Amino acid sequence: MAVDNELKIELGKQGVFVTTIEELYNWGRRSSVWPMQFGLACCAIEMIATTMARYDLARFGAEVFRPSPRQADLMIISGTVTKKMAPQVVRLYNQMAEPRYVIAMGACAISGGPFKQGYNVLKGIDRYIPVDVHIPGCPPRPEALIQAFMTLQKKIDEQPLTGADRPRHLDAEAQGEFPVPEPGEHDLEPTSNPGVWTVPVVIR
Amino acid sequence: MRTVEEIKAAIEAAVPDAGVTLVMNPSPAAQHSLLLQPEKAVAVATFLRDSPELAFDYLSNVTGVDWLDKEIAEKVKVTKSVTKTVDGVEQTVDETVEETQKRVEPGYLEAVYHLYSVALKDGPLVIRMRTANRTDKIEMPSLTPVWRGAEFQEREVFDLYGIVFAGHPDLRRILMWDGFKDHPMRKDYVEPDDFEYEPTAHDEVLKRAQERQASRD
């Protein structure tokens, strides 16, 4: 049950702090999103810049880049996902504990980018794993990554803990493990996970 | 810097029956190259590396080229005996007719090596080797025993063009995965048909995307 905002401010002036479990829970999740230390290509350089003193991602509670997927909450797909690398990316995502989030950073990660019509690059990581925030750019500026991070925080903040819109980790029925594509004779098999990605309808 | 002609003469003097051919480059770059016979390639390469006058001790680049089968149409003058009626009398006359003849020149796969001499500050020298055809006779000798730097690059040429380097110490795919069957840089490579979604399609891709869309509707 939501607390009336004005009442909350009024009580705050009197020294009474009122909140809900949902608010507290989401505040905790959004304020300590630990990304995985994981870079794929040139976008990773921008990601590193974002964490350094000038842009300082630590201001948003994401300063600790974890070297293990077991300790990480956020996977920043920073760069080109080749078809050879894609199974490993999905496997790493499977190894992360819930709640977990994905930011697809840069043109390559969201669509294949300039390599889309090549033989070796995956046409977007959202074909295999659910992506929370997509950032275009080649590479995106650190500001864009911060924007994406803030968008993710907003998204976490707005998640209800019950009901149909609750996050995946609170839903016992939800799919927890995503099938890892197998390298086939000509392409990855399958070429996408239909549970995650369907062909967008293009109106021409 | 020696010219390729001089280097060719030096090779021919040192290696008997080397069979080196000059491949001229008519462009302003004029970077002519030497075509080696596969049987003699290792001997020639060893000479290029070890001869103190040439000392090509550094292999900077190995790459592949895919030359498709070429259909050549030539106009040939053919003399034929034709029976004609001239002035009411039947005569056999030799007549010269121009005919277009077509012949297919078989394609081949080519490996190109760029050599430098660090000791003599010389280079690049471009040497080439060709396979007999593009399908089954795709072997050529590896130059990795001569220049160790060729190892990964020959693996890459094997991966992307499918040239089999005989004598290579570790000939595996290097960029694509092991179970992959195609050679993507070959000109007749058919890429996987996964353009089901293309927001800014054009030309061939647009055609395919529209076909896919039509099959979904």
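Predicted model: local features only at pLDDT ≥ 70, side-chain atom pairs only at ≥ 80, totals over all residues.
Me: Okay, chain A. How many helices and strands are there?
Reply: Helices here are DSSP runs of H or I with at least four residues, strands are runs of E with at least two, and both are numbered from the N terminus. Chain A has 6 helices and 5 strands, and along the sequence they come as α-α-α-β-α-β-α-β-α-β-β. Along the principal axes, the C-alpha atoms of chain A fill a box of roughly 70 × 40 × 40 Å.

Me: What share of chain A counts as buried?
Reply: Start with the cut-offs: buried means 20 or more other C-beta atoms within 10 Å of the residue's own, exposed means 12 or fewer, and partly exposed is in between, with C-beta atoms placed from the backbone. On that count, 33% of the 204 residues of chain A are buried.

Me: And what about contacts between residues at least 6 apart in sequence in chain A?
Reply: Two residues are in contact if their C-beta atoms, placed from the backbone, lie within 7 Å. Of those contacts in chain A, 75% join residues at least 24 apart.

Me: How do I read a pair of packed helices?
Reply: You describe them by the angle between their axes and the distance between the axes. The axes are lines fitted to C-alpha atoms, for helices over the stretch in contact, and the angles run from 0 to 180 degrees between N-to-C directions. Under 35 degrees counts as roughly parallel, over 145 as roughly antiparallel, 65 to 115 as roughly perpendicular, and the rest as oblique.

Take helix α2 (residues 21-31) and helix α6 (residues 142-157) of chain A: their axes come within 8 Å and cross at roughly 160°. So α2(A) and α6(A) are roughly antiparallel to each other.

Me: Which residues make that contact between α2(A) and α6(A)?
Reply: From α2(A) come N26(A), R29(A) and R30(A), and they meet Q153(A), I156(A) and D157(A) of α6(A). To sort them, Ala, Val, Leu, Ile, Met, Phe, Trp, Tyr, Cys and Pro count as nonpolar, Asp, Glu, Lys and Arg as charged, and the others, Gly among them, as polar. This contact of α2(A) with α6(A) has 1 nonpolar, 2 polar and 3 charged residues.

Me: At what angle do α3(A) and α6(A) cross?
Reply: The axes of α3(A) and α6(A) cross at roughly 75° and come within 9 Å. That makes α3(A) roughly perpendicular to α6(A). On the α3(A) side you'll find E46(A), M47(A), A49(A) and T50(A), and on the α6(A) side P142(A), L145(A) and I146(A). The residues of this contact of α3(A) with α6(A) split into 5 nonpolar, 1 polar and 1 charged.

Me: Where does P140(A) lie?
Reply: Look in the loop between β3 and α6 of chain A. P140(A) is buried, with 23 other C-beta atoms within 10 Å. Leaving aside neighbours within four places in sequence, its contacts include C43(A), E46(A), M105(A) and L145(A). P140(A) and M105(A) are 35 residues apart along the chain, yet their C-alpha atoms are separated by 7.2 Å.

Me: What should I look for in the backbone angles?
Reply: Most residues other than glycine have a negative phi, and most peptide bonds are trans. In chain A, the peptide bond from E98(A) to P99(A) is cis, with omega near -5°, and P99(A) is in the loop between α4 (86-95) and β2 (101-105). The bond from C138(A) to P139(A) is also cis, with omega near -15°, and P139(A) sits in the loop between β3 (133-135) and α6.

Me: Which phi values are positive?
Reply: Among them, D56(A) has phi near 55° and A55(B) has phi near 50°. D56(A) lies in the loop between α3 (43-51) and β1 (74-78) of chain A and is partly exposed, with 13 other C-beta atoms within 10 Å. A55(B) is in the loop between α2 (41-50) and β3 (58-67) of chain B, and A55(B) is partly exposed too, with 16 C-beta neighbours inside 10 Å.

Definitions and conventions: Residues numbered from 1 in each chain as written. Chains lettered and ligands numbered in written order.
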